[in-house]
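The sequence and coordinates follow.

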Amino acid sequence: MGSRTGLIGWFGIVVAAIILLRGATAATVYEVGDSVGWTVPPNTSYYSTWASTKTFFLGDKLSFNWTTGTHTVAEVSKDEYDNCTKVSSYIGSPVIFTPPSTGSYYFICTVDDHCTRGQKLAFTVVSTPTVGSPPAESPTSSSASSLSVGALFAVLSTSVIYLFLGF
């Protein structure tokens, strides 16, 4: 009787671990502009195209990197973004921005005509996926977390089989 109780306990732990791990999502750190970084882009739609290929979740981080003294990054309103309105409040490099809530965010470079030449970024942050829903794929996300979940599942499944069969 004691071995059955132990088996039920192990099975409960395995099920709980699988549920928790499948629902867990790690925050992604995005390098703004990927290999181009934060600079005057090759075309005015570069950063909007870059952002449109990603899904930003609450908890993700955006890393703005550039050579100090060449650019700035300023969080602005939608109107300031649309009109490339220069603001006096900006941050030096590097900047790692963690959105505090869901919604839309707007950033521009305030140096010379960089914003009108396309050095501006708008993106929307959505809430994190709920437990049981598959996380959105992104080109910069790593498959290492799904590999570790798969490995853990294999080990725990094997343990349950050994306990169930009495090995």
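## Salt bridges

The count of salt bridges in this predicted model comes to 3. One joins Lys54 and Asp34, at 3.9 Å from N to O. Lys54 sits in the loop between H2 and strand E2 (56–57), and Asp34 in the loop between E1 and H2, so the pair ties together parts that are 20 residues apart in sequence. Lys54 is buried, because its relative accessibility of 9% falls under 20%. Asp34 is partly exposed, at 33%.

Asp82 and Lys78 form another salt bridge, at 2.9 Å from N to O. Both residues belong to helix H3 and lie 4 residues apart, about one turn of the helix. Asp82 is partly exposed at 42% relative accessibility. Lys78 is also partly exposed, at 44%.

Arg117 pairs with Asp113, with 3.4 Å between the closest N and O atoms. Arg117 has a relative accessible area of 40% and is partly exposed. Asp113 is partly exposed too, at 37%.

## Positive phi angles

Most residues other than glycine have a negative phi. Asp34 has a positive phi of about 50 degrees. Its loop runs between strand E1 (29–31) and helix H2 (46–52).

Asp112 also has a positive phi, near 40 degrees. Asp112 lies in the loop between strand E6 (103–108) and strand E7 (120–126). At 58% relative accessibility, Asp112 is exposed, because the cut-off is over 50%.

## Ser89

Ser89 is in the loop between helix H3 (78–83) and strand E5 (95–97). Ser89 is exposed, with a relative accessible area of 54%.

How values were computed. Residues numbered from 1 in each chain as written. Predicted model: local features only at pLDDT ≥ 70, side-chain atom pairs only at ≥ 80, totals over all residues. Heavy atoms only, no water. Helix = DSSP H or I, 4+ residues; strand = E, 2+ residues; numbered from the N terminus. Buried < 20%, exposed > 50% of the residue type's maximum accessible area, 1.4 Å probe, protein only. Salt bridge = Lys/Arg side-chain N within 4 Å of Asp/Glu carboxyl O.
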